[in-house]
Amino acid sequence: MALISLKNVQYIYMEKTPLEREAIKDISLDIGKGESIGIIGKTGSGKSTLIQLISGLLYPTQGEIFIKDRDIKKWNSKELCKIIGIVFQYPEYQFFAETVFEEVAFGPRNVGIPDEELENCVREALTTVGLSYEEIKDRSPFNLSGGEKRRLAIASILAMNPEVLILDEPTANLDPKGKVEIMNYINKWVQSRNKTLILVSHDLDEIIRTVKRVIVLKEGKIIFDGPIEKLFLNYEKIEEAELELPEILKLRKVLEDKGYPLEGAFTVHEIVERIVAFKEHISIWKS
Amino acid sequence: MEVLKTFPLGQYIPGNSLLHGISAKAKIIVSFWLIIIIFLLKLNFYSYLLFFFLILLGILLSSLPINYFVRSLKPVYFLVLFTFIIHFFFGEEGGRVYFRYGIIHITDNGIKMALFMSLRLIYLVLITSLLTLTTSVLELAQAIEDLLKPLNFVKFPVHEFSMMMTIAIRFVPTLLEETDKIIKAQKARGAEFGKGNLISQAKSLLPIIIPLFINAFRRANELAEAMEARCYRGAKGRTRYRVSRWTIKDLVFLTIGILYPILLLVFF
Ligand SMILES: Nc1ncnc2c1ncn2[C@@H]1O[C@H](COP(=O)(O)OP(=O)(O)OP(=O)(O)O)[C@@H](O)[C@H]1O
Ligand SMILES: [Mg+2]
């Protein structure tokens, strides 16, 4: 039994108007518990639409979506919130509360977490993303720095303790160090609680570090779905999706073209080790 | 939920049709003229039919699918029905009486009025849709600015007025899109809207309204800075990138649009 299952899903924006636009075309997909999945594709390929469909914020114009084997349209929205938590692109634009505490408490309160557990829940969520509860809880969400805002926004979803965490470009517009930090916090949370993760990102480096399975979208269709190592075995798929290869893989490609056997090496470390081994191999063979 | 889908404003559909190509000034003048004429039109079958031909011509010249015009009637559908029923059952006395019971009476004149008054409403909507479907907001605003220019003599700040209008209209779709996004984001945090008593309903809207306002102010600020950075300082010495000139096409359009209805008034 798959946790999330899509069957021939199609989604058309502004259906039956001259402006209609088919953003998702006939997608079928199964997602199991505990998987970590990356969704990549160039801008406008339908990534955000797909995750909104999975979260029940949009209903498919054709096809069906099942969450725990139950049609997504039959789920009550609050129940669904407890299963699927989604952090939108630029989530800090949705702040409204006077204090950080109230901002984080909004979600848990809505899904019926009792008041006496609320403080614990908020404290835990803020700590998870590396914010100090005591220092920050009474501040205004609007006066935080960009990175702090982003973490707060993520904490406000983590506080609801969803089974599936969906993130839409969680590190867009952050500095490189901030990016890595946030992803580390998220990873720790996901792994320690055995949660399911769906990560949308333009940053292939981030995807490589975070997920095991990737889905590549192009013009609303899935053109690749499988383990990440397999994707980087065929560069054509990445080119077909018009994505930028990560620097490290560009290097690997150049070296491979020169005859070094580097299949499956993803990090600087692995590549160096392979080259060293290869050179030794050659020199032994020559002598 | 897509707010945009249900938004009743006539929306610009880009295209290359003859009507799209006519200058916005000519289209505005003709539209206003036609709206005035509708109210002067004699209440008889022929003038309404011949007037409809003019609208039909416009629809054909716009090369837009018919269903777009049908859709534009949706917001006034109820109003048309209401007008029809009022005139039909409680309308003017006169002519043959078909039915009478208490205050309800169906008469020749009543039926006639019911028909023509509903048609009036429909024509009004169709004419405005023809204008807004084929003219972009920017063109409209510039045309209005040009047409209002004479008001400069009475110290009316025409340019500022039209700039304000352009900006306001320009940001309607942006705000709608943003509202849609915020609603989704708060729903994802378990928010429910429009439940419970009046106070809790109003309260449930705060998580939408507050971010909307804050973002609108932020955006206004950014826009003002961007405009200042490009040395915008009002109308003084400002020229346009696209200067609209009258072409033969516009003049023909204007002539037909103005003369045809006058002929209708005179002969029917
Ligand atoms: N609210 C909307 N109304 C109409 N069309 C939309 C809407 N939202 C998205 N689209 C269209 O649907 C398609 C897919 O959009 P989507 O936002 O899912 O892309 P994306 O892969 O998330 O892109 P990005 O990487 O830029 O975020 C695009 O062509 C877009 O123009
Ligand atoms: Mg997106």
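Let us begin with B:S63, which sits in the loop between α4 and α5 (66-72) of chain B. Helices here are DSSP runs of H or I with at least four residues, strands are runs of E with at least two, and both are numbered from the N terminus. The model is predicted: local features need pLDDT of at least 70, side-chain atom pairs count only at pLDDT 80 or more, and totals for chains, interfaces and linings use all residues. Residues are numbered from 1 along each chain as its sequence is written, chains are lettered from A and ligands numbered from 1 in the order in which they are written, and side-chain values use heavy atoms, without hydrogens and water.

B:S63 has a positive phi, near 50°, and is not a glycine. Most residues other than glycine have a negative phi. B:S63 counts as exposed, at 53% relative accessibility; exposed means over 50%, buried under 20%, and partly exposed in between (1.4 Å probe, protein chains only).

In chain A, A:E242 also deserves attention. Its phi is positive, about 55°, and it is not a glycine. A:E242 belongs to the loop between α10 (235-240) and α11 (247-257) of chain A, and is partly exposed, with a relative accessible area of 45%.

Let us return to chain B. Which helices of chain B each supply at least two residues of the nonpolar patch? They are α4 (45-62) and α11 (248-267), and α4(B) gives the largest share, six residues. One of the residues in α11 of chain B is B:V266, which is exposed, with a relative accessible area of 57%.
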